[in-house]
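Please look over the model below before reading my comments.

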Amino acid sequence: MACGYLGIKEKIEPTPPTDQNARDLEKALPHTLEEALICLDQEPAFKKIMGEQLSIAYAGIKAQEYETFFRVISSWEREYLLLNV
Amino acid sequence: MAEISKELRSWIKENKIDEIEALVPDMTGKARGKIIPAYRFLKGEGVRLPEAVFLQTVTGGWPAEEVYRALVHPSDRDMFLKADSTTACLVPWADEPTAQIIHDCVNAEGSFHPLAPRTVLRSIVQLFTDAGMQPIIAPEVEFYLVEKNTDADYPLRPPVGRSGRPERARQSYSIDAVNEFDPLFEEMYDFAELMQLDLDTLIHESGAAQMEVNFEHADALSRADQVFLFKRMMREVAMRNNVFATFLAKPMENEPGSAMHIHQSIIDLKTGHNIFDDGGGELTETFRHYIGGLQKYTPAAMIFYGPYVNSYRRFVYGDSAPTNVHWGLDNRTAGLRVPVSASENRRI
């Protein structure tokens, strides 16, 4: 809703509709949590509409959650890397 | 003193409510709050929570020191909880008559607390109201039923239904596969009725014991509240039926992911008509701009749609999750899909 609202206010024209398989078209969305954090940081108008403080809090929480996840060594790493690298 | 509306007072009395759960949806969409005897709640002494509940991570940790310091009052002060009486409903699984009431968070100065997710939604809805518009939302919530998993080191397994066998084949839209869990879904509907949740359709999704529940369309705040209450109820119902319900985006590596689709449209507050359509089936300028906004800002909003590391395991080729922001008419492969619909139901 926030994205759509900004579109109405800024009168943003969309691309033409597609009837192709959109999965084959170029990727445009972040595909990791880290990339998503960077995308949020790059859009001040969006941060403003969500609330400056909320955006800082949310990004801070997500950065911390990512770090917590990254500390975990998975069974995949033990299985495939332990004796091979 | 916290004001309690007349309607809420009489509702509490009529239903002989013994306890009140004062709920606040946190950053993860889970319930925080306090459980209070009804007589105390009615005294209107108010309920408080520390501001810091909105800064906790899903693992119970905290963001970096400087973030915390920048956002939390140096005295680590309390927020005041304000009951939204329109959200009061029964807790069907409680032994004593218990009510759950969603609360807004208000700071010492009397304004909605900027870190409460409900405040954010309120402020965005207000922007639309100020522009003479009202967003209409219909959520579709996907989830898995899985065998109870008490040791997190083991992968999840599909649950055993009435047949005594776990589900194997892909059962998209299968009625019989839903019936495997009949007692569970009977209870889900009973509870939903007691809680006055506007559940619409229940279908079996493509994963093993993966389900989808659709909600009727309505204003955005009521839909957010109902999804919050539903997830809480569904986890409870599953547990009572000896399985788990999980809303995790990608719980099993060889099964499809779960999502929440959001049908969205906007009505003109003056005329009551859907402003995405000119009434004759033609898409309007406002519709185009709304799509344009979704295309431009969705990458920035992704962190809200995909809030966890696990969410991104779902954005893989062919897993009916979008990797871009193209839009299309009845094009299921596009991230922004405009279903075939009559003018009044024109939606994204």
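1. Conventions. This is a predicted model, in which local features need pLDDT of at least 70 and side-chain atom pairs count only at pLDDT 80 or more, while totals for chains, interfaces and linings use all residues. Residues are numbered from 1 along each chain as its sequence is written, and chains are lettered from A and ligands numbered from 1 in the order in which they are written.

2. Confidence. The model has an ipTM of 0.93 and a pTM of 0.95. For chain B the mean pLDDT is 92, with 98% of its residues at 70 or more; pLDDT is the predictor's confidence in each residue, from 0 to 100.

3. Overall form of chain B. Chain B contains 8 helices and 14 strands. Both kinds of element are DSSP runs numbered from the N terminus, helices being H or I with at least four residues and strands E with at least two. Taken along the principal axes, the box filled by the C-alpha atoms of chain B is roughly 55 × 55 × 45 Å.

4. Burial and contacts in chain B. Of the 348 residues, 38% count as buried. A residue is buried if 20 or more other C-beta atoms lie within 10 Å of its own, exposed if 12 or fewer, and partly exposed in between, with C-beta atoms placed from the backbone. Among contacts between residues at least 6 apart in sequence, 62% join residues at least 24 apart; a contact needs C-beta atoms, placed from the backbone, within 7 Å.

5. Strand S7 of chain B. Two strands pair if DSSP finds at least two bridges between them. S7(B), residues 133-147, runs antiparallel to S12(B), residues 260-268, with 9 bridges, and Pro139(B) is opposite Ile262(B) there. S7(B) is also antiparallel to S9(B), residues 210-215, over 5 bridges, where Val141(B) has Val213(B) as its bridge partner. With S11(B), residues 243-246, the antiparallel pairing of S7(B) has 4 bridges, and Glu147(B) faces Val243(B). The pairing with S10(B), residues 218-219, is antiparallel with 2 bridges; Ile136(B) stands opposite Asp219(B).

6. Strand S6 of chain B. S6(B), residues 98-106, pairs in the parallel sense with S1(B), residues 19-25, over 5 bridges. Gln100(B) is the bridge partner of Glu21(B) in that pairing, and Gln100(B) also stands opposite Cys89(B). The strand holding residues 89-90, S5(B), is joined to S6(B) by 2 bridges and runs antiparallel to it. S4(B), residues 78-83, is antiparallel to S6(B) as well, with 4 bridges, and Ala83(B) is partnered by His103(B).

7. Nonpolar core. Which residues have the most contacts inside the largest nonpolar core? They are Ala2(A), Tyr5(A), Phe46(A), Ala99(B), Ile101(B), Leu145(B) and Met234(B), in a core of 95 residues. H7(B), residues 220-240, gives the most to this core, with 10 residues. Such a core is a set of buried Ala, Val, Leu, Ile, Met, Phe, Trp, Tyr and Cys residues joined through C-beta atoms within 7 Å. Beyond its neighbours within four places in sequence, Met234(B) contacts Phe143(B), Met188(B) and Ala245(B).

8. Contact between the chains. In all, 59 residues of chain B are in contact with 53 residues of chain A. On the side of chain B that touches chain A, two or more residues come from each of H3(B) (65-71), H4(B) (117-130), H8(B) (285-305) and S13(B) (327-329). H8(B) gives the most, with 17 residues. This side has 37 nonpolar, 20 polar and 2 charged residues; Ala, Val, Leu, Ile, Met, Phe, Trp, Tyr, Cys and Pro count as nonpolar, Asp, Glu, Lys and Arg as charged, and the others, Gly among them, as polar.

9. Ile56 of chain A. Ile56(A) is in H4(A), residues 52-70. Is Ile56(A) buried, exposed or partly exposed? Ile56(A) is partly exposed because 17 other C-beta atoms lie within 10 Å. Leaving out residues up to four places away in sequence, Ile56(A) touches Val67(B), Ala70(B) and Leu71(B).

Conventions: Contact = placed C-beta atoms within 7 Å.
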